Amino acid sequence: MAVHLNHTIVPAADRDETAAFLADVLGLEPAPIYGPFRVVSLANGVSLDVMQVDGPVPAQHYAFLVGEEEFDRIWGRIKDRGLTFWADPSHRQPGRINTNDGGRGLYWSDPNGHSLEIITVPYGGWG
């Protein structure tokens, strides 16, 4: 069997708020509860298992490969929510998107400070 990523745990100050935010902005189904998690399911079978934690939430980075139409819809939801977005991971180019590798990309933050990214072409143009 080949190795595939199945899930990753997303730490959150508020599990339900974070899962709803991710599902809404990314245009996904509402996240059901499974044990201590809210499970945000992605199209490729990977899930983001959102878990509430006590204390500081360590900032993580999550990148999503999306098609051109999905990019436009997600970007629209980001703008509709009045969220700040950037063209770069260092957050030095606010209100812009990038066109790296012949595609489009942008970064924004979730309520916990996790850095979220959407790209239409994988890094290096592979894929």
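A salt bridge, as I use the term here, is a side-chain nitrogen of Lys or Arg within 4 Å of a carboxyl oxygen of Asp or Glu.

**Ground rules.** I am working on a predicted model, where local features need pLDDT of at least 70, side-chain atom pairs count only at pLDDT 80 or more, and totals for chains, interfaces and linings use all residues. Residues are numbered from 1 along each chain as its sequence is written, and side-chain values use heavy atoms, with hydrogens and water left out.

**Entry 1, salt bridges.** I searched the whole structure and found seven salt bridges. I looked up E70 and found R73 as its partner, with the closest N and O atoms 3.8 Å apart. Both E70 and R73 sit in helix α2, three residues apart, about one turn of the helix (helices are DSSP runs of H or I, at least four residues, and strands runs of E, at least two, numbered from the N terminus). I noted E70 as partly exposed at 35% relative accessible area, and R73 as partly exposed at 42% (buried is under 20% relative accessible area, exposed over 50%, partly exposed in between, with a 1.4 Å probe and protein chains only). Salt bridges that share partners join R15, D16 and R38 into one network.

Next I checked D16, whose side chain meets that of R38 at 2.9 Å, N to O. D16 belongs to helix α1 and R38 to strand β3, so this pair ties together parts 22 residues apart in sequence. I then turned to D24, which forms a salt bridge with R81 at 2.7 Å, N to O. R81 lies in the loop between α2 (68-80) and β6 (85-86) and D24 in α1, so parts 57 residues apart in sequence are tied together.

Which order do the strands take? I read an open sheet of four, β1-β4-β3-β2, with mixed pairing (two strands pair if DSSP finds at least two bridges between them). β1 (7-12) and β2 (33-34) are at the edges with a single partner strand each, so one side of each has no neighbour in the sheet. β1 pairs with β4 (residues 47-52) in the parallel sense over six bridges, and T8 stands opposite L48 in β4.

Is T18 buried or exposed? I have T18 in helix α1 (residues 15-26), and T18 counts as buried at 0% relative accessibility. Leaving aside neighbours within four places in sequence, T18 is in contact with A12, V50, D110 and N112 (contact means heavy atoms within 4.5 Å).
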